[in-house]
Amino acid sequence: MAETALAQVMAELAELEDPKTREVNERHGDDHGVNLSKLRALAKRLKTQQELTGQLWKTDDTAARLLAILICRPKAFERDELDTMLREARTPKVHDWLVNYVVKKNPHSEELRLAWSADPDPVVASAGWALTTERVAKKPDGLDLTALLDVIEAEMKDAPDRLQWAMNHCLAQIGIEHAEHRTRAIDIGERLGVLKDYPTPPGCTSPFAPIWINEMVRRQHAK
């Protein structure tokens, strides 16, 4: 029965495949061609199915793994399972969804945050920084923000892309949420110049930390 369900779902994903969507996604390192709104609609219909989640993940197919993340029970995973899944994630979208939709809701998230932040693999380390950014915004008690800024100041400039992006997000979040560190956060951003020239569409906020911080603080005060 389970095998039939997997075959049916994989057939549906194949039908949703669109070459133009794949072309756009592949520019960002994501090897799938399924419209995410249609993927979410399929997940809504399937509802939560933890056993099917595991089967979809094992296919190593990006669209199947994204669907697996949408139909899983985030709290059902053991710590080592999530560690293995993150290292298997391959594509940016699977990595991001796994961290944001699953790990952040899992009871082992803090343990994984600490382990991943110190991992020599920069992609794994970027997941640790993403979890740290979440804590900076929502549960800062117990975090040493000065020490985090020290690490960002020393390492962000030369960090690989994914890790650099995650560290930059953390820098901006510290500056946005914690007024006592805002001047230093902006100064670090100015001096390092990370993402200063990042192409930003009209109406969007630049990921360059000083601009990002100032804009978000302006919006907070405008409320």
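The legends below describe views of a predicted model of one protein chain.

Figure 1. The C-alpha atoms fill a box of roughly 60 × 40 × 35 Å along the principal axes. A compact globule of 223 residues would have a radius of gyration near 17 Å, and the 19 Å of the chain agrees with this. Of the contacts with a separation of 6 or more, 63% are between residues 24 or more positions apart.

**Figure 2. The surface of the chain and its charges.** The chain exposes about 12,100 Å², with 52% of this area supplied by carbon and sulfur atoms. Buried residues account for 43% of the 223 residues. The side chains include 31 positive and 36 negative ones, and the centres of these two sets are 6 Å apart.

**Figure 3. The largest nonpolar core has 35 residues.** The members that touch the most others are Leu 13, Leu 56, Leu 67, Leu 98 and Trp 116. Elements giving two or more residues to this core include α1 (2-16), α3 (36-46), α4 (50-58) and α9 (122-138). The most comes from α5, which gives seven residues.

**Figure 4. Trp 116 and the residues it touches.** Leaving aside residues up to four places away in sequence, Trp 116 touches Leu 82, Asp 83, Leu 86, Arg 87, Val 103, Val 124, Ala 125, Ala 127, Gly 128 and Leu 131. Ala 125 belongs to a second, separate core of 28 residues. Ile 186, Val 194 and Leu 195 are also among the members of this second core.

Note on methods
Residues numbered from 1 in each chain as written. Predicted model: local features only at pLDDT ≥ 70, side-chain atom pairs only at ≥ 80, totals over all residues. Heavy atoms only, no water. Rg over C-alpha atoms; globule rule 2.2 N^0.38 Å. Buried < 20%, exposed > 50% of the residue type's maximum accessible area, 1.4 Å probe, protein only. Contact = heavy atoms within 4.5 Å. Areas by Shrake-Rupley, 256 points an atom, 1.4 Å probe, with all protein chains shown as cover. Lys, Arg positive; Asp, Glu negative; His and termini not counted. Charge placed at Lys NZ, Arg CZ, Asp CG, Glu CD. Core = buried A, V, L, I, M, F, W, Y, C linked by side-chain atoms within 4.5 Å. Helix = DSSP H or I, 4+ residues; strand = E, 2+ residues; numbered from the N terminus.
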